[in-house]
Amino acid sequence: MMKCKQATQMLSEKLDRPLSAKEKIALTMHTAICTPCRQFGKQMEDIRAMSKSYAKKKESDRD
Amino acid sequence: MTNMNLAVEMEPSAASHVFHDTAFIDELRLQMLKFATLQVRDSQLAEDAVQEAMLSAYQNIDRFARQAAFKTWVFSILKNKIIDLLRKEKRHTSASQLEEGPNLSGDALIEHLFEENGHWQKDERPKKWDQPDHGVENAHFWKVFDACLNALPAKYGRLFMMREFLEMDTSEICHNEDVSVSSLNVTLYRARLRLRECLEDHWFQKETAT
């Protein structure tokens, strides 16, 4: 069974590379029963979205 | 230039046409400026560094053929300019704003967040982030975000910026920074872990506490 420590790393790596089928299954099983990791996964995506807005903002700050 | 291995044998005239591709150059300039501004935190200095890097690239253009290699190469010139700048200027960061509280990173942070058995420490379990208005218009949020970004260890910050702001792909970053794919992925994980912790401590938890 995947632990939170590995799950959080998978949730980050998901943004950088396609996960293998095996990893996807293990991660889905873990997040199905683990609310904190589910939140963590959402927050990883939030951070990506924030970074996008931040970079855009920097661009428009210059104009 | 240090990255001689990137050089591709070719006709000088074929390489300089890169500079005539206005759309490509504009896009590249913008990316460089973003990159430089985030690192030197001074738009004028950043502008100068980009200008110098572009000029240097133009003067040495006969070494380059492919646009992908060109981009990597120009960024390596820019990086050297930025390093020079950072050496000259004492870097001013707002990291001091975040001094209170543990500012752990890497293994220490992982140990702090997780129990030995790999589960979350009770107090550290991520809770839902309420986002009243962390929108672009909320200047205070972006100040916190900025400070958290600054507080990242230098290596985390650089790789994180390359991935998230410059949107460079894995092979490009690994080639540029001379790191393995797995080491890049682990560093990005740690950077996000650290950034998440910082945002939670200084923005999201604070919001709900008041």
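A residue counts as buried when its relative accessible area is under 20%. The exercises below use this cut-off on a predicted model.

**Exercise 1. Decide whether A:Gln43 is buried or exposed, and list what A:Gln43 touches.**

Solution. 
- Step 1: Locate the residue. A:Gln43 lies in helix α3 of chain A.
- Step 2: Apply the cut-off. The relative accessibility of A:Gln43 is 1%, so this residue is classed as buried.
- Step 3: List the contacts. Leaving out residues up to four places away in sequence, A:Gln43 touches B:Pro126, B:Lys127, B:Lys128, B:Trp129, B:Arg196 and B:Glu200.

**Exercise 2. Describe the interface of chain A and chain B: its residues, its area and its salt bridges.**

Solution. 
- Step 1: Take the residues on each side. Chain A brings 29 residues to the contact and chain B brings 42 residues.
- Step 2: Take the area. About 3200 Å² is buried between chain A and chain B, and carbon and sulfur atoms give 66% of this area.
- Step 3: Find the leading contributors in chain A. Of the area that chain A buries against chain B, 20% comes from A:Asp16, A:Met50 and A:Tyr54, which is more than any other three residues supply.
- Step 4: One of the side-chain pairs in a salt bridge is B:Arg192 with A:Asp16, at 3.0 Å from N to O.
- Step 5: Assign the chain A side to helices. In chain A, α1 (4–13) and α3 (35–62) each give at least two residues to the side that touches chain B. The largest share is that of α3(A), with 19 residues.
- Step 6: Sort this side by residue type. The side of chain A that touches chain B has 10 nonpolar, 7 polar and 12 charged residues.

**Exercise 3. State how many residues of α1(A) are buried, and name them.**

Solution. 
- Step 1: Count. In α1(A), 7 of the 10 residues are buried, and the helix is mostly covered.
- Step 2: Name. The buried residues of α1(A) are A:Cys4, A:Ala7, A:Thr8, A:Met10, A:Leu11, A:Ser12 and A:Glu13.

**Exercise 4. Summarise the fold of chain B by its helices, strands and contacts.**

Solution. 
- Step 1: Count the elements. Chain B contains 9 helices and 0 strands, and its pattern along the sequence is α-α-α-α-α-α-α-α-α.
- Step 2: Check burial. Chain B has 210 residues, and 48% of them are buried.
- Step 3: Check the sequence range of the contacts. Of the contacts in chain B between residues at least 6 apart in sequence, 72% join residues at least 24 apart.

**Exercise 5. Classify the ring pairs that B:Phe141 forms with B:Trp142 and with B:Phe145.**

Solution. 
- Step 1: Over all chains, the whole structure has 10 aromatic pairs.
- Step 2: Take B:Phe141 and B:Trp142. Their ring centres are 4.9 Å apart and their planes meet at 75°; planes over 60 degrees apart count as edge-to-face, so this pair is edge-to-face. Both residues, B:Phe141 and B:Trp142, are buried.
- Step 3: Take B:Phe141 and B:Phe145. This pair is tilted, with 6.0 Å centre to centre and 40° between the planes.
- Step 4: Relate the second pair to the helix. B:Phe141 and B:Phe145 are about one helical turn apart because they are 4 residues apart in helix α6 (residues 139–151) of chain B. B:Phe145 is buried, as is B:Phe141.
- Step 5: B:Trp129, B:Phe141, B:Trp142, B:Phe145, B:Trp203 and B:Phe204 make up one aromatic cluster.

Key
Residues numbered from 1 in each chain as written. Chains lettered and ligands numbered in written order. Predicted model: local features only at pLDDT ≥ 70, side-chain atom pairs only at ≥ 80, totals over all residues. Heavy atoms only, no water. Contact = heavy atoms within 4.5 Å. Buried area = accessible area lost by both parts, 1.4 Å probe. Salt bridge = Lys/Arg side-chain N within 4 Å of Asp/Glu carboxyl O. Nonpolar A, V, L, I, M, F, W, Y, C, P; charged D, E, K, R; others polar. Phe/Tyr/Trp six-rings, centres within 6.5 Å; stacked < 30°, edge-to-face > 60°. Buried < 20%, exposed > 50% of the residue type's maximum accessible area, 1.4 Å probe, protein only.
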